[in-house]
Amino acid sequence: MKNRTLGSVFIVAGTTIGAGMLAMPLAAAGVGFATTLVLLFTLWGVMCYTALLLLEVYQHVPADTGLGSLARRYLGRYGQWVTGFSMMFLMYALTAAYISGAGELLASSLNQWFDLQLSPTAGVLMFTVIAGGVVCIGTSLVDLFNRFLFSAKIIFLVVMLALLMPHVHQANLLTLPLEKGLALSAMPVIFTSFGFHGSVPSIVSYMSGKIRKLRGIFITGSAIPLVAYIFWQLATLGSIDSSTFLGLLASQAGLNGLLQALREVVASPHVELAVHLFADLALATSFLGVSLGLFDYLADLFQRRNNAPGRLQTGLITFLPPLAFALFYPRGFVMALGYAGVALSVLALLLPSMLAWQSRKHHPQGEYRVLGGRPALCLIFAAGIAIIAIQFSIVAGILPEVG
């Protein structure tokens, strides 16, 4: 692979494998390993397919076309408004969450290493200036930083798996604790764990719209998280019995409860250290991928030039709102994250299916076309409506919340 191709694969995989991966065992505990495997393969297939649908649409427009401009071209002004609201809602909420989490971790680490007394607010500001500056400089620098961070993240993932695998028991994997409603509740958690579609326009532009290479990038980049998730679920669900997991769900112990259960199984401080380092790196790589997609979207929306003043202006628009929310309105963006799956359903399922439908009407003889035809587009659209309905049911308390 050439440098840009490999870097783009890492951006897709790095954006996808985020700190939310740590919540997946809690989401999967109520349905069992076999059902989790089915959900993983199904949702990966759906998300990879819709990324290829976006690629099909991009073959007919300049590579640097933003998602908003693409929606306006094929879906009109209302389509552009819905796309814009979903994109900014999702990306701003995620960026604020990553800034808040990574900033607190940065301050804590610096205080521990250098005997300082930095406040979490100082850590948030430092992280935003440093990581936001990387994004403002350009995709090439994001690519460089992301390669290093992603490689380190994979190393710590391998360490976690190596420590846990000897404790896997076949009996734990064969149990079927299928609790009422938990299979549906687990779907949004796994679905969002394959979300990288906000970064698709940035990667298409970075690769100059080379369809064949981009196809390989999206398939390979999304397959890496699939493999990582399978081994992570195998290690966690296999080493911790289902009754312990269901107890964690009932008590809403969350990640801290999961870490405690892992410590009891392995009885080694190395597991907790590896999990925390993995989470730190996952926050950083997810931030780079998400904020890069938001940056390029806003540059296209506000028609900012690709020079130093223009990128600085776009950077301020990109990072000041989530920074303000992270500092002054933490509960606001935490509540917004509860609806992130709805916005992702629009961007990753409804929008690609509608864009491909309209694009095929305008270009019936396109050089590249994803298999499936209109029936597949209808199924993808229906899947998007179903995920949205499940997400609203969870927020409303009709279905149990997991993860």
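Phe127, Phe287 and Phe319 form one aromatic cluster. Rings of Phe, Tyr and Trp (its six-membered ring) pair if their centres lie within 6.5 Å; planes under 30 degrees apart count as stacked, over 60 as edge-to-face and the rest as tilted. The model is predicted: local features need pLDDT of at least 70, side-chain atom pairs count only at pLDDT 80 or more, and totals for chains, interfaces and linings use all residues. Residues are numbered from 1 along each chain as its sequence is written, and side-chain values use heavy atoms, with hydrogens and water left out.

The protein chain holds 17 helices and zero strands (DSSP runs numbered from the N terminus; helices are H or I with at least four residues, strands E with at least two). Of its 403 residues, 53% count as buried (under 20% relative accessible area; exposed is over 50%, partly exposed in between; 1.4 Å probe, protein chains only).

The whole structure contains seven aromatic pairs. One of them, Phe10 with Phe150, is tilted, at 4.8 Å centre to centre and 35° between the planes. This pair links distant parts of the chain: Phe10 sits in helix H1 (residues 3-16) and Phe150 in helix H6 (residues 139-164), 140 residues apart. Phe10 counts as buried at 16% relative accessibility. Phe150 is buried too, at 3%.

The ring centres of Phe127 and Phe287 lie 4.9 Å apart with planes at 65°, so this pair is edge-to-face. It also joins distant parts of the chain, Phe127 in helix H5 and Phe287 in helix H13 (residues 269-301), 160 residues apart. Phe127 is buried at 11% relative accessible area. Phe287 is buried at 0%.
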